[in-house]
Protein chains: 2
Amino acid sequence: MENFISNNTTALHFGKGVVDNLAKTLDLKGRNVLIVYGKGSVKRSGLFDNVMGQLVASGAHVAEFGGIKPNPLVEDVENAAALARAHNTDLIIAIGGGSVIDSAKIISITIPVGHPAWNFYTRRAIPKTAVPLVAILTLAATGTEMNPFAVLQNLATGQKEGYGHPLCYPKHSFLDPTLTITVPKDYTAYGVADLIAHCLEAYFGKGDCPLSDRFIFAIIGDAMEHGPQLLDNLTDYDLRAKIMYDATMALNGLTTQGKVNGDWGVHGIGHILSLLYDTPHGASLTIAYPAWMKLHREKAAERISKLGTNLFGTADVDKTIKGFEDFFRKISCPVRLSDAGILNSETGKIISCLVKNNVNGSNYRLTETDYQMLLSNMQA
Amino acid sequence: MENFISNNTTALHFGKGVVDNLAKTLDLKGRNVLIVYGKGSVKRSGLFDNVMGQLVASGAHVAEFGGIKPNPLVEDVENAAALARAHNTDLIIAIGGGSVIDSAKIISITIPVGHPAWNFYTRRAIPKTAVPLVAILTLAATGTEMNPFAVLQNLATGQKEGYGHPLCYPKHSFLDPTLTITVPKDYTAYGVADLIAHCLEAYFGKGDCPLSDRFIFAIIGDAMEHGPQLLDNLTDYDLRAKIMYDATMALNGLTTQGKVNGDWGVHGIGHILSLLYDTPHGASLTIAYPAWMKLHREKAAERISKLGTNLFGTADVDKTIKGFEDFFRKISCPVRLSDAGILNSETGKIISCLVKNNVNGSNYRLTETDYQMLLSNMQA
């Protein structure tokens with residue numbers, strides 16, 4: 001086991017109706033609040049009005065920034081931060097899924113500084129302070145609600161990257177599974193895939209902590225049991241709750257305690273597919289993970305075998321990889337590039353982009369010579 | 001799944017040498033620190049000197065209160081609080097196991113008030129503020145290092161009870177498994193038993209959260225795998241680390257999220273045995289749990305069966321109970337009153353004490369008519 005510090009500073013409010021406790025939980029009187037959201041669905045659903053009603057009744061001054069993209073852009077973060085500065089924002093409330101909350105995290109550390117937000121991603125700048133952030137989650141997938149990470153896309157440089165800093169933990173996150181009931185079947189499945197992939201990134205990371213392995217099997221097992229049930233019963237509150245809870249626990253630090261890190265190579269590959277083809281994040285991962293496991297089937301044989309033993313009742317490496325493929329297919333996720341409509345003729349373009357972004361992973365490292373095999377595995 | 005709030009405010013510093021980071025982590029200059037400890041072993045080991053050296057070098061003013069008992073007394077808490085007030089204490093550092101840290105939690109909320117500490121236990125008073133507490137753990141068992149609970153004994157009233165309040169979370173807890181290497185074999189085993197019992201209390205609590213069940217199987221499974229290995233290799237750092245981590249995760253909130261509560265009836269029974277016979281806490285639980293499961297073998301059949309399926313590869317209720325007995329015996333813990341030297345002639349006295357303390361449990365409730373059967377189960 002490795003040394004670690006566990007200090008998750010997000011207060012998680014989970015369950016039916018928890019958003020109604022917003023005003024009771026926060027000191028809102030006189031606060032200058034920026035609400036950040038994506039599409040207009042949070043307005044149509046009444047969620048925005050619920051939040052706005054509590055803010056106005058509590059004497060807060062509210063500005064809003066909508067239109068965050070599903071693959072969120074640093075350009076939007078810059079614009080939101082400028083608006084927030086003009087509004088003297090001292091509290092951010094993000095209403096939405098991973099893209100909105102990730103954007104709000106970077107907005108929260110960009111407001112106080114005089115340099116571009118992307119400087120955090122290039123490590124040219126380190127945040128010293130952040131405007132406090134409260135998250136109201138509407139999609140079970142990324143785990144952003146209880147971690148300090150944010151993935152953004154930079155159109156100008158053609159990059160999609162992750163960033164994390166302890167200042168980026170939301171102060172409070174409100175998770176009402178009811179709010180995810182309108183998420184369509186495909187994106188519900190991508191959420192299940194995403195949370196499983198987060199567990200796998202931790203699992204294939206450096207360092208050995210058997211209890212973390214067991215926690216990982218717990219979360220993946222729960223998602224594999226209840227995910228397909230949910231896809232057959234999209235309006236079932238309790239199944240929505242189970243998957244929402246799985247997604248939070250899959251990336252809130254629990255799975256890497258006692259380890260050095262997660263691998264994150266597969267997420268790097270997935271980000272390239274999203275960048276080039278706007279492939280939904282979860283879908284990019286169900287294509288990339290089996291291909292990645294096949295690439296590392298010898299080096300990672302022991303780890304894959306332990307995974308199979310605990311999830312599929314087989315120690316066989318190939319059967320384990322097939323187990324994941326079968327599960328992803330069962331929840332209607334793509335497992336080959338062609339399933340996502342990406343042609344074999346794109347190979348060169350994808351490899352160039354992998355090279356340009358230096359996609360590797362921190363434990364089972366990828367080199368440029370691996371990319372061709374990886375692409376073949378994603379195709380056949 | 002039930003609504004819940006997750007807001008664990010303890011920063012956990014885990015691993016080899018972490019106590020050396022104390023002065024780097026805390027702002028100590030000019031602070032009036034009270035060090036709380038139990039037996040002199042923390043002085044003989046050099047741990048006390050390490051802490052004192054960092055405090056003095058940082059410009060802190062230090063008072064100390066030693067002699068906290070293994071079954072800690074509210075009387076000591078009162079005396080420590082009085083000393084702390086005279087010292088204008090603004091930081092408490094507790095060095096020891098559960099008894100020391102539990103005592104320090106109640107000291108931290110007693111210092112600011114003008115009423116007896118036991119008033120918190122009788123709910124006559126609610127704490128409004130606490131002196132910040134830092135814990136340095138030397139025994140893997142109770143989980144107190146990352147939760148807001150404290151068990152104290154009141155000699156005057158003949159009670160042993162638990163209390164919890166969010167103000168009682170340690171601000172920081174330092175867990176170096178090296179510090180547990182000198183714990184003797186029997187107390188190491190009691191720690192393993194205690195952490196397993198904490199998982200079981202959560203498991204038999206009210207409410208249904210399958211992921212919490214899976215986390216519980218993960219922690220118990222890890223302890224059942226590594227506990228016996230540790231007892232054969234008491235100086236093995238990595239095994240000490242695994243069990244120390246298990247113990248923390250067994251009672252830091254993880255296992256009851258999405259549930260109403262834990263049951264805690266068995267802890268109530270165990271506290272009576274400790275109160276009457278000074279039975280070590282973990283040993284009292286290995287006697288009480290099998291007897292409690294037998295008592296509830298019909299009402300809790302489904303739960304016991306799920307436990308057996310996941311831990312012992314059997315769905316049979318009796319085989320599952322026997323599985324626990326066999327494991328407890330394997331780690332040399334008592335599973336009958338006679339194993340702890342408590343005679344059958346004590347039956348009346350134990351039952352009277354159970355009645356007086358109104359021992360029941362919050363889910364599988366015990367009534368006075370159950371006590372006779374419970375005692376029989378602990379005897380035969």
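Guide: The model is predicted. Helix H5 (residues 98-110) of chain A lies across S3, S5 and S6 of chain A, and its direction is at about 165° to S5(A).

Visitor: Which other helix packs on the sheet, and which strands does it touch?

Guide: The sheet is an open one of seven strands, in the order S4(A)-S3(A)-S5(A)-S6(A)-S9(A)-S2(A)-S1(B), with mixed pairing. Neighbouring strands are turned by 15° against each other on average, direction ignored. Helix H3 (residues 47-57) of chain A packs on this sheet, touching strands S3 (32-37), S4, S5 (91-96) and S6 (133-137) of chain A. The direction of H3 makes about 160° with that of S5(A).

Visitor: What makes S4 of chain A and S1 of chain B the edge strands?

Guide: Each of them pairs on one side only. Pairing requires at least two bridges between two strands. Within S1(B), Phe4(B) is the bridge partner of Phe14(A).

Visitor: Why is Ile5(A) called partly exposed?

Guide: Ile5(A) has 16 other C-beta atoms within 10 Å. A buried residue would need 20 or more and an exposed one 12 or fewer; the count of 16 lies in between, and Ile5(A) is therefore partly exposed. This residue belongs to strand S1 (residues 4-6) of chain A. Neighbours within four places in sequence aside, Ile5(A) is in contact with Ala11(B), Leu12(B) and His13(B).

Visitor: How do you know that the two chains are related by a two-fold axis?

Guide: Chain B is superposed on chain A by a rotation of 180° with 0.0 Å of shift along its axis, at an RMSD of 0.0 Å. That is the relation of a two-fold axis. The same surface serves both copies, as 100% of the contact residues of chain B recur in chain A. Of the residues of chain B, Phe215(B) comes closest to the rotation axis, with its C-alpha at 3.0 Å.

Visitor: Why are H11(A) and H13(A) called roughly antiparallel?

Guide: The axes of helix H11 (residues 281-295) and helix H13 (residues 317-330) of chain A come within 10 Å and cross at roughly 170°. Angles over 145 degrees count as roughly antiparallel, and the two helices therefore qualify. Among the residues making the contact are Tyr289(A) and Met293(A) of H11(A) and Phe324(A) and Phe328(A) of H13(A). The contact residues divide into six nonpolar, one polar and two charged.

Terms used. Residues numbered from 1 in each chain as written. Chains lettered and ligands numbered in written order. Predicted model: local features only at pLDDT ≥ 70, side-chain atom pairs only at ≥ 80, totals over all residues. Helix = DSSP H or I, 4+ residues; strand = E, 2+ residues; numbered from the N terminus. Contact = placed C-beta atoms within 7 Å. Least-squares fit on C-alpha atoms with pLDDT ≥ 70 in both. Axes fitted to C-alpha atoms, helices over the stretch in contact; angles between N-to-C directions. Parallel < 35°, antiparallel > 145°, perpendicular 65-115°, else oblique. Nonpolar A, V, L, I, M, F, W, Y, C, P; charged D, E, K, R; others polar.
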